[in-house]
Amino acid sequence: MERDLYEILGVTKSASADELKKAHRGLVRTYHPDVNKDPGADARFKEIQDAYDILSDPEKRKLYDQFGIAGVRAGAGGGAPGGGRPGGDPFGGAGPFGGGGGGQGWQNVDPSTFEEVFGSMFGGGRGRARGRGRGGFGGFDDAEDEPHQGTDAAASETVDFLTAALGGTRSFRVNGEAIEVRIPAGIRSGAKLAVRGKGGAGARGGQAGDLIITITVTPHPWFRREENDVLMDVPLNIAEAALGTTVRVPLLQGSVQLKVPAGVKSGQRLRVKGKGIAPAKGTPGDFYAVIQVEAPREMDAQTRRLVEELAPRLANPRSAEKFAPG
């Protein structure tokens, strides 16, 4: 059973010429064999083209609405529907919508109707047959004549830690051209930035594609990142850790005097609220000074003697309850 042409194009029988054209263009972009390699896409595309060739022509559409596909095959000069072979095309063979069998030959078909119908179906003839797309299917050039945006281009660039954390502007050289790119605060490695209009050139007056830059953030010698928090190791000697001290610590911007309490341990974090990464969207992180207590590796004789005298006075850190046998 032949499918309804309006159903093939996904429109109603009252669809306007513009609605038909819009539906056709959308289906062409989806099913054209150059872009759709799925099995059956080629047959679906031809079905769409054949349906559009008929419904976009006012005379053929009128015949179709009155008599169905048989009326279109017979044509205006063929008299009543079925002037050709019943269910077939005017040649008596199986037409694009099926059919075939015995009956009158094609001699009774008006030559102008023959040229119009078969020209529009197979890319030759007059009127709408001119300028058909590749493969002999009518209507593709209508879509091809539209402006097309250029393809996107890909690039990879590195950004230093501070620029990624604070944001800013960087100049990248792509294909010999210097391009200024805004770096949003808080960007991470692997993030992609789109530079509008710096990709492939558009076709038929269409816009150029975009340049898609994949960002890699280089590590910092002091700072490291956890979510939006920034961490920095701060070394202390054993006297500073035992007695407490005040140290000046660099931040992402500026510095801060940090009070270290007596008895601080390695790995302990001292927080500076709100001094981490402040992303364009989201809550700012904090800055953490991570204490690292370092024992002296080289000591003169007097220092060693003082440490040896101190050792018996210090508590054994391994005598804590967690080290006791269970």
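Ala 154 stands opposite Ile 212 in strand 5, where strands are DSSP runs of E with at least two residues and helices are runs of H or I with at least four, both numbered from the N terminus. The model is predicted, so that local features need pLDDT of at least 70 and side-chain atom pairs count only at pLDDT 80 or more, while totals for chains, interfaces and linings use all residues. Residues are numbered from 1 along each chain as its sequence is written, and side-chain values use heavy atoms, with hydrogens and water left out.

Strand 1 and strand 5 (residues 211–217) pair in the parallel sense over seven bridges; two strands pair if DSSP finds at least two bridges between them. Glu 157 stands opposite Ile 215 in strand 5. Strand 5 also pairs with strand 4, here in the antiparallel sense and over four bridges, and Lys 192 stands opposite Thr 214 of strand 5. Together these strands make an open sheet of three in the order 1-5-4, with mixed pairing. Strand 1 (153–159) and strand 4 (192–195) are its edge strands, each pairing on one side only. The twist from one strand to the next averages 30 degrees; the axes are lines fitted to C-alpha atoms, for helices over the stretch in contact, and angles run from 0 to 180 degrees between N-to-C directions.

In a regular strand the side chains alternate between the two faces of the sheet. Strand 5 has a covered face made up of Leu 211, Ile 213, Ile 215 and Val 217. Its uncovered face carries Ile 212, Thr 214 and Thr 216.

A second open sheet has four strands in the order 6-7-11-10, again with mixed pairing. Its edge strands are strand 6 (223–226) and strand 10 (269–272), and each pairs on one side only. Neighbouring strands of this sheet are turned by 35 degrees against each other on average, direction ignored. Strand 7 (residues 229–237) and strand 11 (residues 287–294) pair in the parallel sense over eight bridges. Asn 237 stands opposite Glu 294 in strand 11. Asp 229 is also part of strand 7, and its C-alpha atom is separated by 5.8 Å from that of Phe 287, 58 residues apart along the chain. Asp 229 counts as partly exposed, at 23% relative accessibility; buried means under 20% relative accessible area, exposed over 50%, and partly exposed in between, with a 1.4 Å probe and protein chains only.

Glu 227 lies in the loop between strand 6 and strand 7. Its phi is near 55 degrees, a positive value in a residue other than glycine. Glu 227 counts as exposed because its relative accessibility is 61%.

A positive phi also occurs in a hairpin. Strand 2 (residues 168–174) and strand 3 (residues 177–183) pair in the antiparallel sense over seven bridges. Arg 173 has Ala 178 of strand 3 as its bridge partner. Two residues lie between the strands of this hairpin, and Asn 175 takes a positive phi near 55 degrees.

Helix 4 (residues 58–67) has buried residues Lys 60, Arg 61, Leu 63 and Tyr 64. They are on the same side of helix 4 because they cover an arc of only 160 degrees around the axis, the arc being that of the directions from the helix axis to the C-beta atoms. Pro 58, Glu 59, Lys 62 and Gln 66 are exposed on the other side of helix 4. Lys 60 counts as buried because its relative accessibility is 5%. The C-alpha atoms of Lys 60 and Val 72 are separated by 5.8 Å, although the two are twelve residues apart along the chain.

The remaining topic is the largest pocket. On a 1 Å grid over the protein atoms alone, a cavity is a set of points where a 1.4 Å probe fits but cannot get out, whereas a pocket is an open set with protein on both sides within 12 Å along at least five of seven lines; lining residues have an atom within 4 Å of a point. About 610 Å³ of space lies in the largest pocket, a volume being the space filled by probe spheres set on grid points joined across faces, edges and corners. The lining has 19 residues, of which Ile 238, Ala 242, Val 293, Leu 310 and Leu 314 lie nearest the centre of the pocket. Helix 9 (238–243) and helix 10 (301–310) are the elements that give two or more residues to this lining. Helix 9 gives the most, with five residues. The lining divides into 15 nonpolar residues, three polar and one charged; Ala, Val, Leu, Ile, Met, Phe, Trp, Tyr, Cys and Pro count as nonpolar, Asp, Glu, Lys and Arg as charged, and the others, Gly among them, as polar.
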